[in-house]
Amino acid sequence: MATQILILNMNRIGDLVQTVPLLDRLRKECPDCAIDLVVNRPCTPMAKLLPGVRQVIPDDMHAQLGHVPEGTDHSALKHTVMCWAEPFRTVRYDRVINLTFTRRSGWLAAALGVADTRGVVMTPAGTSVVRNPWFAYVADILQYRRVNRFNLVDLFALGGSGHGPSTPLHLSIPHSAENWARVEFPKNESGLLRVAVQVGASQAVKAWRPESFGRTMAAISRRIPVQFVLSGTENEAGMVKQAAVTYRAAGGTGTIDDRTGRTNLAQLAALLRHCHLLLTNDTGTMHMAAAVGVRVLNLSLGPISFWETGPYGPGHWVIQPDPPHSHTVSQDQIVPEQVAELAWHVLGHAPFPLSWTGAQVYESGLDVDGLHDYRQRAGRHDENSSWYRTFWRRFWYEALDGRRSCVAQVQGPSDLSDQQDCFRTLCPIVDQLVAQAAHLVHLTQQEVPLAALKPATDALGDTHGRLVSVTMPAAAFGPLTVALNRDLQNGQMITVKDLARQHLSAYQTFLTRAHSVIEQLTGGQGATEKTGQESTGRGEYDNHVQGSELMWLQREQEASLRS
């Protein structure tokens, strides 16, 4: 019998395109698998372009929920979702992959009752847990953002399936759309290049000024023969018109084919395939272009990170303001004429432009582990941030995937002395946390009244607060604290004993990871200063943990003798 897999992806169009490598990875893992996909109803046409999906299921729960907000009483939300999910329980899925990090999708994942469920799942008590360490990373990525170097495409594939060969984005375009595009965009022999332009974005804060797009188009047209194909929804028609007006006023000499609001998603995908380049904001169109083999030049603006959601696959380009300011200032930091120079280069008509002002330029590719990556090609280089992105990319790959990374470990960061000071400060705090957590485990083993646990839990909370204040600002230990906080709450606790054991395990894992970090930062010398003075070290930690456990066992034995 075929392995049956259900993916919950009630997000936007771009998020659906980003699941393609996961679909490929699942088919390699289980060649006989049948994959069903739950999506927002407006995204159904996009979902039907994804390769290898047996059934696309539109999410109609909104109709049953009416105007009940996401934050409603969990019992009412749970009941509605359980009723909606009832027909799917009979399918008996072998795996559920929840790529939608909401309470509603968590209730749906829980309602299906599948043992191998990955992503957000709601507990009977109405709290959310994240199953699978890679999806826990995704859930906390906003807190990792300053040092994150993983693309969501790879995170989805690693969490939903596991390690495997890298595959590009690709779509299954219907023959009708392909035939339409061939008629609308016949192959020309005159050397005319087609450049698609996506002026709008899902959020205004992510969109470059329409006038800047117009000036860029005009500058491109002054050097090479070009036809611009403008895409977008009907709601973006005003912005597209503004870009076209600026283009003509700036002396643009190429032709414009305005397709705004005049294509469905399949036609848009086929249209993009006939273009040589897409100039765009961070949009679903950007991911579609990458999936049909078109090079992308992405203007990365707003509260996003191209490391997470930038164009996937080799040969794409990203320009972002340096340093990012308010949206208004950031828009003006990117100079249209410089963007045009990069477009000339990407189209093969000019060398790479070396002179840049107010922006950083990155080129996409694959790293030595086969994961998506970006290489900075121009602009101010922040050596310390770059160092930590590489460090954490390697660290989490090895910690969460269990594989040796081929990414080279470079010499320590420029703020190494500060991180050593932080390590020396945090060690006794975590020693205390381990001892307090071990004491709490001991108390729960004695089955004392809950009220008697309050002093111990209060003390543990106070010490944890001290740890957070010390480590969160530190680039070398803040990400560990984010993971620690997830480990502390990320479990379906049945008893107080389970909760106490989870806390002890989480703090022990944190300190193990902290020692691993400091050893990697210093090349195995720990927190030793240049003077040779030793700080709290690994042996001291091991002795303390063993001491805590021996003390706990001794108390257990004494209690047994007394009884």
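# Close-up figure legends

**View A. In helix H21, the buried residues are Gly 478, Pro 479, Leu 480, Thr 481, Val 482, Ala 483, Leu 484, Arg 486 and Leu 488.** Buried here means under 20% relative accessible area, while exposed means over 50% and partly exposed lies in between (1.4 Å probe, protein chains only). The model is a predicted one, in which local features need pLDDT of at least 70, side-chain atom pairs count only at pLDDT 80 or more, and totals for chains, interfaces and linings use all residues. Residues are numbered from 1 along each chain as its sequence is written, and side-chain values use heavy atoms, with hydrogens and water left out.

H21 covers residues 478–489, and 17 Å separate its first C-alpha from its last, close to the 16 Å expected at 1.5 Å a residue; the expected span is 1.5 Å times one less than the number of residues. Helices (H or I, at least four residues) and strands (E, at least two) are DSSP runs, numbered from the N terminus. With 9 of 12 residues buried, H21 is mostly covered. Its buried residues pack against strand E6 (128–131) and a set of helices: H7 (133–139), H8 (141–144), H18 (383–401), H20 (450–471) and H22 (496–522). Contact, here and below, means heavy atoms within 4.5 Å.

**View B. Tyr 374 meets two rings of helix H15, those of Phe 306 and Trp 307.** Rings of Phe, Tyr and Trp (its six-membered ring) pair if their centres lie within 6.5 Å; planes under 30 degrees apart are stacked, over 60 edge-to-face, and the rest tilted. The count by this rule is 24 aromatic pairs. The ring centres of Phe 306 and Tyr 374 are 5.0 Å apart and the planes stand at 85 degrees, so this pair is edge-to-face. Phe 306 belongs to helix H15 (residues 306–309) and Tyr 374 to strand E14 (residues 372–378), so the pair ties together parts 68 residues apart in sequence. Both Phe 306 and Tyr 374 are buried. Trp 307 and Tyr 374 also form an edge-to-face pair, at 5.7 Å centre to centre and 90 degrees between the planes. Since Trp 307 is in H15 and Tyr 374 in E14, that pair ties together parts 67 residues apart in sequence. Trp 307 counts as buried because its relative accessibility is 7%, and Tyr 374 is buried at 5%.

**View C. Ring pairs join ten aromatic side chains into a cluster: Trp 134, Tyr 137, Tyr 144, Phe 150, Trp 387, Tyr 388, Phe 391, Trp 392, Phe 395 and Trp 396.** The charged end of Arg 223 sits over the ring of Trp 344, 3.8 Å from the ring centre. Likewise, the charged end of Arg 377 sits over the ring of Phe 352, at 4.3 Å from its centre. The rule asks for NZ of Lys or CZ of Arg within 6 Å of the ring centre and within 35 degrees of the ring normal.

**View D. The largest nonpolar core holds 110 residues, with Ile 7, Trp 396, Leu 426 and Phe 477 having the most contacts inside it.** Helix H19 (residues 416–445) supplies the largest share of this core, 13 residues. Leaving out neighbours within four places in sequence, Phe 477 contacts Trp 392, Gln 419, Cys 422, Phe 423, Leu 426, Thr 471, Ala 514, Val 517 and Ile 518. A second, separate core has 38 residues, among them Val 339, Leu 347, Ala 350 and Ala 359. A nonpolar core is a set of buried Ala, Val, Leu, Ile, Met, Phe, Trp, Tyr and Cys residues joined through side-chain atoms within 4.5 Å.

**View E. Arg 95 is a charged residue of strand E4 (residues 95–98).** Arg 95 counts as buried, because its relative accessibility is 8%. Not counting residues up to four places away in sequence, Arg 95 touches Gln 4, Ile 5, Leu 6, Leu 26, Glu 29, Val 114, Asp 116, Arg 118, Gly 160 and Ser 161.

**View F. Arg 92 and Glu 447 have positive phi values.** Most residues other than glycine have a negative phi. Phi of Arg 92 is near 60 degrees, and this residue sits in the loop between helix H5 (74–89) and E4. Arg 92 is exposed, with a relative accessible area of 67%. Glu 447 has a phi of about 55 degrees, lies in the loop between H19 and H20, and is exposed at 60%.
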